[in-house]
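Subject: Structure handover

Hi,

Here is the structure for your files. My notes on what turned up follow below it.

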Amino acid sequence: MRDSFAPLNQIQLDDLTHFSSLLRLFHHRNKNQHRRSIWYRHFSTFHRQLTKLLNLHSTVSATPTTHTERAKHKARLPELRIRITQTLDLWQDVLVPKWAHTFGQLIADGQFAVLGMVLTGALAGVCGTLGINARLERAGVALEEAEQAEMVKVLQTFEREIWADDGVDGAAVVSRVAVLASTEPVGNDGDDLGVPLERVPSDAVHAPGATSVRQSTGTNVAVRAPVVSLQSPQYNATLTKSASPRPASKSIKKKRKRGDAIDDLFGGL
């Protein structure tokens, strides 16, 4: 929805007049050097549009002195307001994004970055005075909300299609998820407390080794050995078995390899 016409006060008209004077001086200073540049064409359009809009606002805010001039002014007011509103819509939709992009490219070029910064500052000041910045912000927020609503619709449609292909009722899935969520342990603030753990006594250790059990389905499941107390007879028997000395291995004497006659001859040296 477009904004309705809002007349400018005297302070705003003075600001627009100041920016118009700066752009006129900028034009006289850089016309001979940059008049063939692409960015200078956009600057010329910006200068002309600002002058035109300033003249329209000045005409609307003027106060005629005679009765005839007041009658003519009153008859022209609707037309002037429509022209100002159409001009602001054109600025918002087409001209301001184009000018901002062009002046930004001039800054990024580096050679005439100062000129680009001056033009960008002037554009920001003019748009702030005319209320175009607020219009652009509202348009951006409305566009973002519309995109989010469209995304929600697409996701809901996709979700219904997936449930229909799998033969699952969406309401049943939602209720099942709600039941599972209600059975999970939660804290005072609804935080997930995780899985409850059992405390193992400090004088208990695991028996060495773990067994593997084969189920009827053909899969092997590792079974941890039971916890054995340090004071139990089973643990003492395990320590005694591990501490018993190993039998001494029989020493194997290697037979000396007998050499031939040449080895016997040089063996005595």
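S20 is in contact (heavy atoms within 4.5 Å) with H47, L50, T51 and L54, leaving aside its neighbours within four places in sequence. S20 itself lies in helix 1. Helices here are DSSP runs of H or I, at least four residues long, numbered from the N terminus. With a relative accessible area of 7%, S20 is buried. Buried means under 20% relative accessible area, exposed over 50%, and partly exposed in between, with a 1.4 Å probe and protein chains only.

Two notes on the source. This is a predicted model, where local features need pLDDT of at least 70, side-chain atom pairs count only at pLDDT 80 or more, and totals for chains, interfaces and linings use all residues. Residues are numbered from 1 along each chain as its sequence is written, and side-chain values use heavy atoms, with hydrogens and water left out.

Next, the core. The largest nonpolar core has 33 residues. A nonpolar core is a set of buried Ala, Val, Leu, Ile, Met, Phe, Trp, Tyr and Cys residues joined through side-chain atoms within 4.5 Å. F46, W91, L119, V126 and L130 touch the most other members. At least two residues of this core come from each of helix 1 (10-34), helix 2 (38-61), helix 3 (67-109) and helix 4 (113-130). Helix 3 gives the most, with ten residues. Take V126: neighbours within four places in sequence aside, V126 is in contact with L16, F19, F46, L50 and W91.

Then the rings. The whole structure holds eight aromatic pairs. Rings of Phe, Tyr and Trp (its six-membered ring) pair if their centres lie within 6.5 Å; planes under 30 degrees apart count as stacked, over 60 as edge-to-face, and the rest as tilted.

One is Y40 with F43: the ring centres are 5.3 Å apart and the planes are at 55 degrees, so this pair is tilted. Both residues lie in helix 2, three residues apart, about one turn of the helix. Both Y40 and F43 are buried.

F46 and W99 form another tilted pair, 4.9 Å centre to centre with 50 degrees between the planes. This pair links distant parts of the chain: F46 is in helix 2 and W99 in helix 3, 53 residues apart. F46 counts as buried at 0% relative accessibility, and W99 counts as buried at 1%.

Finally, ring pairs link F26, W39, Y40 and F43 into a cluster.

Best wishes
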